Amino acid sequence: MAEVTEEWQPKIVMFCCNWCSYGGADSAGMGRFQQPPTVRVIRVMCSGRMDPVFILNAFLEGADGVIFSGCHIGDCHYVNGNYKATVKYKFLKAMVNELGLEDERLKLDWISASEGERYAEVVTEFTEQIKKVGPSPLKPEGVI
Amino acid sequence: MEVGDCYIGWATDEDIRTRGASGGLVTAMLAAALEKGLVEAVVVLKKLGEFEAVPVVTSDPEEVKAAAGSMHSVPIVLSRYLDYGTKVALPAKPCDARSTIEQAKRGQVDIDTTYIVGLNCGGTMHPAVTRDMLDVMYKLDPADIEGEEIDKGKLIFETKDGKEHAIKIDELEEEGYGRRESCQYCDVNIPTMADIACGNWGVIGDLAGKGTFVEINTEKGIEILKNAIDAGAVEITPADDKGKAIRAKVDGAMMNVAAAANKKYLSPIEGSHLDYYMNALSDCINCGACKTVCPVCACGEGAKCTDFSSASDTYKMSLFHLVRFVHLMDSCIGCGQCTDVCPVDIPLTHIYQRFAVPMQEEFEYKPGMDMTTPPFFGVDLIEEGH
Amino acid sequence: MNENIFTTVCPGCSIACGMYVREKDDGTFDIDWRKDAVVNAGKLCRFGVRLSANLMNATSKVDGNEVEFSDAVTAAGKAISDGATFVSVGNTTCAEHLALMKLAGSKGAVVNTGMGAFSSIPAECHPTMGVGIPFDAIESAKKIILFIDPYEQYPLLVRRILAAKKNGAAVTAVGWKAVSLADDNKTIDPANYESELALDSDSVIIAELNPSTDPERVMVLLNLAKASGAAIMFMKPFVNAVGCDLASKKTEQKSLDQIIAEINDGSIKTLVCLDSDLIEIMPDETAVREALGKLDNLIVITSRTSAITDVAKIVVATEPLYKKAGTIVNAEGRALHNSGEGTDGIDAIGTMLGQPVGMYDEVHAALLATLGIDAVDERVIPAYEKPDYAAMDANPTAEAVETALVYAGGPFLWNGMVDDNDFVEMNLDMVLANSLLKGIPAKITSDAGEAAVKFKVSDVAPGVVLSNVKLPMTTGMVTSVTVSR
Ligand SMILES: Cc1cc2nc3c(=O)[nH]c(=O)nc-3n(C[C@H](O)[C@H](O)[C@H](O)COP(=O)(O)OP(=O)(O)OC[C@H]3O[C@@H](n4cnc5c(N)ncnc54)[C@H](O)[C@@H]3O)c2cc1C
Ligand code: SF4
Ligand code: FES
């Protein structure tokens with residue numbers, strides 16, 4: 001396992017829905033809001049498309065934390081995709097906890113296309129949170 | 001005859017009645033369903049030895065009749081053998097019935113053409129454990145056994161010389177024998193989800209040992225019982241209140257025992273959960289048997305758990321298992337099939353239950369009890385309050 | 001609607017796990033778990049679980065054309081001349097093997113089981129090399145030394161070794177790759193086995209004996225067992241290897257390499273293979289194919305379609321193993337009887353011998369006599385005598401290559417099984433040194449060719465590229481290769 005040094009930057013995988021959160025990421029960039037370079041964004045059409053497999057796979061591939069985000073409740077482009085995401089999140093949270101992975105490593109958040117600043121905040125906060133818990137115990141050998 | 005009615009019934013054929021576990025009612029009903037064309041096929045156990053039997057799908061009433069009797073050392077779930085579209089009947093322990101219903105929700109079984117003849121169940125034993133137990137606890141040679149029976153909390157073996165040998169099940173289980181772990185904490189004894197629930201609890205007086213207690217749960221239940229009565233294969237008499245009360249009381253007592261076992265076996269893991277799970281899964285040889293035998297999994301070939309993982313993965317835990325952990329959180333009925341077949345003896349059912357039970361409690365959803373869909377299937381907007 | 005149930009064993013390796021085969025009306029079959037099976041309580045490895053997808057019945061052929069079974073038998077009977085060479089490695093019942101021995105005897109020949117080690121090691125060692133110990137005995141060993149990778153090669157031994165560990169056994173693995181269940185993974189020079197392993201009579205040594213095993217290695221292990229008093233078990237990749245070895249006259253046998261050499265120098269013209277596909281069994285596929293092409297007559301009596309049935313002059317197709325009447329003897333020496341009643345193979349060989357009836361009873365009686373029993377009872381292991389033997393002078397060849405592609409046989413590939421183990425394993429240093437990247441296959445090159453192969457990072461010995469399948473550039477159990485991106 002990698003040493004936790006001051007320079008250690010976690011690797012975070014963030015799934016953003018096409019219609020809101022991905023736009024949020026864009027706005028954050030355009031608005032030049034400060035954010036740490038820890039996040040790899042993966043765009044999915046809707047937060048409802050999030051499959052538990054994606055999240056488990058991210059962890060197994062070496063992600064230290066995973067966020068999945070979509071439109072605010074009521075705003076989903078596909079009506080109720082984010083309700084579905086909520087149910088899956090509940091299951092995943094329970095699973096991650098029983099598995100013994102720190103609770104802090106998984107987060108669900110709603111970010112709209114116009115919330116660039118909030119996007120940067122979420123990323124910054126989550127990065128800090130992950131830095132506190134350290135590298136994921138599921139990180140494979142040889143992966144940094 | 002109405003849904004909710006309780007009767008004591010028996011096979012009119014003397015041979016079936018004596019060979020049957022209680023009254024031969026189940027066998028007579030299944031055979032009559034075939035003979036009268038109510039169904040095209042029946043799933044029954046083909047007996048191959050005192051402790052072994054294998055499920056077969058058959059249209060031959062003789063094969064059904066040969067299957068009379070309960071096999072407590074045959075822990076197999078029969079729902080896996082059902083084919084969509086076939087008009088079929090099956091004897092069903094609660095786990096058989098519950099998994100049949102879970103399959104129906106997933107479009108693998110047509111519930112309208114499937115007659116579930118429920119059997120009360122207090123648990124099954126693994127044949128290998130039974131043999132060891134006979135040797136160590138009963139000091140008997142398994143080859144000398146000719147019959148077995150559970151009566152008043154005792155497991156009784158009958159030897160070829162006609163003698164009976166009884167030991168209390170509690171005592172056996174304390175020594176690590178007896179019922180499988182999953183059966184010890186299973187809290188469904190009467191298959192209320194089946195079309196008709198049959199058992200020996202509540203059969204009292206003269207009929208004790210010669211009659212089967214039946215509770216009608218659905219219209220289909222009426223249909224299959226009436227069919228057998230019309231065929232002259234079965235006779236019934238209404239169950240009395242005393243019998244009903246006894247049945248309910250025993251059921252309640254068993255449920256308490258199961259709850260205690262649940263506490264004992266599924267008590268929280270001490271120390272690092274991650275270490276526990278990594279260690280438990282480290283011997284997995286990727287055979288996939290656990291998924292193949294899983295009676296609630298409806299994925300078949302090309303499932304997420306298998307398609308996204310490969311033997312060449314270098315992950316610290318197998319993705320196959322992680323996917324199955326989530327996948328089964330809302331559907332695991334704890335039948336124990338996966339543990340039974342795992343070639344490296346991973347206590348899989350135990351593990352799945354650890355993930356599933358808290359979620360099933362949180363969603364107040366118990367799989368296989370009725371046709372209500374599991375939480376993962378859809379989102380009830382009204383319930384969410386929007 | 002009707003289903004036929006056959007009680008049988010998994011044909012994958014010499015463990016012979018119990019299973020049921022369920023045959024449907026339409027002739028397709030499926031496996032089911034036989035939880036009351038004495039061998040492994042019905043538990044099966046990935047090969048057993050996928051058996052129905054991997055077994056294809058054979059069809060009778062003469063000169064590439066499909067023919068009736070009886071015509072194939074007649075053609076084979078004519079083609080099998082004096083001087084023919086016979087091979088049966090143990091993929092079928094004792095009855096068929098014994099019948100073939102009778103046929104071979106009538107032509108003045110023996111049946112070769114392909115285990116070359118038997119002919120170069122003194123006869124008093126054979127009982128120890130043949131029959132192992134009961135699997136239950138593994139569970140009560142105090143010390144277990146593994147010269148195999150149980151996970152990959154003999155998966156159903158894993159649970160036995162784990163049970164032993166629970167009972168307090170210490171497990172040491174001496175092999176190419178670290179085995180996770182071992183308390184200790186070591187690489188030891190064979191000269192130091194005795195001093196470093198410190199075994200005694202409560203120890204169990206588990207090794208493998210296959211047609212490509214170096215006899216000198218077998219001798220080293222036999223010496224180790226003798227010196228320490230430890231029990232030794234040689235696992236074999238063929239389900240009935242032990243039964244066939246017990247029945248055969250081992251000292252007169254040729255190794256498979258020798259047979260190929262004699263085909264190449266023209267002294268073998270006719271080869272009869274009973275459920276033995278040399279193309280699949282031997283590491284250098286290309287060389288075997290070339291040699292088989294030089295035969296005048298290649299006669300294959302087999303239950304399954306495989307590489308060799310495509311090149312054989314005559315194929316006599318018999319029923320699949322699960323349907324055969326007959327007995328299998330597994331690595332423990334346990335005799336296991338099929339519930340099936342098929343006698344295609346016996347009838348075919350009997351007809352070739354001019355004895356179309358009564359053959360089964362005769363050979364089955366011969367088997368019982370060999371085992372010293374009155375009837376087959378799967379729950380009782382016949383008593384075997386294992387005489388003492390003298391220590392031998394052994395010098396196993398050291399493989400002095402820089403990067404070695406090691407082909408570690410297992411139950412799957414001896415039967416040519418398609419599986420998802422189509423990757424090689426190497427350690428992280430090797431991956432870094434050769435600048436391999438995750439997700440991009442490694443290029444592996446030998447004199448015989450090259451291929452891009454998926455790789456997996458494992459705790460493998462330095463300089464070793466480990467493979468559980470034969471790769472296009474494989475020429476032996478160890479092939480000198482280079483690895484690049
Ligand atoms: C494992 C087991 C435990 C039981 N425990 C209880 C109990 O605690 N209390 C109670 O009241 N009743 C229990 N029963 C039910 C009871 O033993 C009788 O099956 C029931 O009373 C019906 O009797 P019968 O004579 O009408 O059935 P039969 O005419 O004897 O017919 C029995 C049918 O059940 C099938 N069957 C037998 N064994 C199994 C098995 N292991 N899995 C699936 N199907 C099987 C047979 O193929 C046959 O078709 C249990 C049954 C089983 C199989
Ligand atoms: S049955 Fe056991 S070995 Fe096979 S895949 Fe499941 S957990 Fe792994
Ligand atoms: S589209 Fe954004 S959550 Fe569905």
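User: Which residues form one aromatic cluster?

Analyst: Keep in mind that this is a predicted model. The cluster is made up of B:Tyr276, B:Tyr277, B:Phe325, B:Tyr352 and B:Phe355.

User: And how many aromatic pairs over all chains?

Analyst: Searching the whole structure turns up 13. One of them is A:Phe91 with B:Phe363, which is stacked, at 5.2 Å centre to centre and 20 degrees between the planes.

User: Where do A:Phe91 and B:Phe363 sit?

Analyst: That pair crosses between chains. A:Phe91 is in helix H3 (residues 81-99) of chain A, while B:Phe363 is in the loop between helix H15 (348-362) and helix H16 (381-384) of chain B.

User: Is A:Phe91 buried or exposed?

Analyst: Buried, with a relative accessible area of 1%. B:Phe363 is partly exposed, at 24%.

User: Ok, what about B:Tyr277 and B:Phe325?

Analyst: Those two form a tilted pair, 6.2 Å centre to centre with 55 degrees between the planes. B:Tyr277 lies in helix H10 (residues 273-281) and B:Phe325 in helix H13 (residues 319-328), both of chain B, so the pair ties together parts 48 residues apart in sequence. B:Tyr277 is buried at 0% relative accessibility, and B:Phe325 is buried too, at 1%.

User: Switching topic: which charged end sits over the ring of A:Tyr22?

Analyst: That's A:Arg43, 4.4 Å from the ring centre. In chain B, the charged end of B:Lys220 sits over the ring of B:Tyr115, 5.9 Å from its centre.

Methods. Residues numbered from 1 in each chain as written. Chains lettered and ligands numbered in written order. Predicted model: local features only at pLDDT ≥ 70, side-chain atom pairs only at ≥ 80, totals over all residues. Heavy atoms only, no water. Phe/Tyr/Trp six-rings, centres within 6.5 Å; stacked < 30°, edge-to-face > 60°. Helix = DSSP H or I, 4+ residues; strand = E, 2+ residues; numbered from the N terminus. Buried < 20%, exposed > 50% of the residue type's maximum accessible area, 1.4 Å probe, protein only. Lys NZ or Arg CZ within 6 Å of the ring centre and 35° of its normal.
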